[in-house]
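Hello,

Here is the structure I promised to pass on to you. Please have a look at it first, and then read my notes below.

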Amino acid sequence: MSSIFCTNTSVLEALQNSELSFFKKDKLFDKCVQHTIINNMFNSGEMYITLIDQYKHIYTNWPVNYHDYTFLLQEDWVKQSIEKKGHVVWNLFDPSYVLEDSDSNIKYISLARSVLSQNNGEYLGTLIISIRQNQLSDVLRQYNYSVDDSAFVFTDKGDFVLSYIADDITPKDAQDSFWQIKKYNKDNMIQPAGGKLRLVSYY
């Protein structure tokens with residue numbers, strides 16, 4: 001999802017152009033947001049997309065209401081993304097950073113990624129995308145083809161993120177299967193989990 005912004009030539013050229021008005025840059029950002037919404041599986045009404053450019057101008061698909069959200073650049077996970085120069089950094093299960101968000105019980109899964117010039121790697125801004133945890137749970141249900149199926153999300157390092165569990169499988173069972181599949185470079189394997197042999201598929 002973040003690649004739509006980080007590889008969009010029009011957006012990158014606009015961010016590099018200090019003479020281009022904020023209005024025109026914002027229109028290009030909105031166009032990119034629409035493209036992102038069309039090509040993803042999440043409800044756009046519950047997804048925050050934020051771009052803070054190198055001049056500290058803020059572009060969002062949600063109302064900032066005159067607040068200065070450049071404080072996001074001081075968050076540890078966002079600073080790490082700037083240091084990692086284009087690599088994604090995740091922030092899991094934090095409350096919303098939107099000041100008017102009244103429901104503090106809702107947790108968000110966020111990513112931050114630097115937007116870099118494709119010509120010389122110059123830093124052009126930071127992209128932040130956040131979705132509600134329950135949205136990811138809803139997506140996991142789509143991978144369940146029967147009432148007994150369960151779905152788990154892990155990071156590339158094998159850290160447990162989220163699950164939709166329909167049976168007595170623990171995250172530890174799923175993690176063990178994850179490492180076996182990674183070890184043998186398989187898309188699916190028969191693995192013991194929850195006291196039974198199960199077909200485990202990896203996406």
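**Helix 6 and its surroundings**

Helix 6 has buried residues that pack against strand 6 (151–154), strand 8 (188–193) and strand 9 (196–201). Contact here means heavy atoms within 4.5 Å, while helices (H or I, at least four residues) and strands (E, at least two) are DSSP runs, numbered from the N terminus.

Before going on, a word on the source: this is a predicted model, in which local features need pLDDT of at least 70 and side-chain atom pairs count only at pLDDT 80 or more, whereas totals for chains, interfaces and linings use all residues. Residues are numbered from 1 along each chain as its sequence is written, and side-chain values use heavy atoms, with hydrogens and water left out.

Which residues of helix 6 are buried? They are Asp173, Ala174, Ser177, Phe178 and Ile181; buried means under 20% relative accessible area, exposed over 50%, and partly exposed in between (1.4 Å probe, protein chains only). These residues cover an arc of only 140 degrees around the axis, which puts them on the same side of helix 6. The arc is taken from the directions from the helix axis to the C-beta atoms. Just after helix 6, Asn185 takes a positive phi of about 55 degrees.

An open sheet is formed by 5 strands in the order 2-1-5-4-3, with antiparallel pairing (two strands pair if DSSP finds at least two bridges between them). Strand 2 (58–60) and strand 3 (89–95) stand at the edges with a single partner strand each, so one side of each has no neighbour in the sheet. From one strand to the next, the twist averages 20 degrees; axes are lines fitted to C-alpha atoms, for helices over the stretch in contact, and angles run from 0 to 180 degrees between N-to-C directions.

Strand 3 is joined to strand 4 (residues 107–116) by 6 bridges, and the two run antiparallel. Asn91 has Ser110 in strand 4 as its bridge partner. Helix 3 (residues 22–38) packs on the sheet, where it touches strand 1 (47–53) and strand 2, and its direction makes about 35 degrees with that of strand 2.

**Aromatic rings**

You will find 9 aromatic pairs in the structure. Rings of Phe, Tyr and Trp (its six-membered ring) pair if their centres lie within 6.5 Å; planes under 30 degrees apart count as stacked, over 60 as edge-to-face and the rest as tilted. Trp62 and Tyr69 have ring centres 4.8 Å apart and planes at 90 degrees, so this pair is edge-to-face. Trp62 counts as buried at 7% relative accessibility, and Tyr69 is buried with a relative accessible area of 0%.

Best wishes
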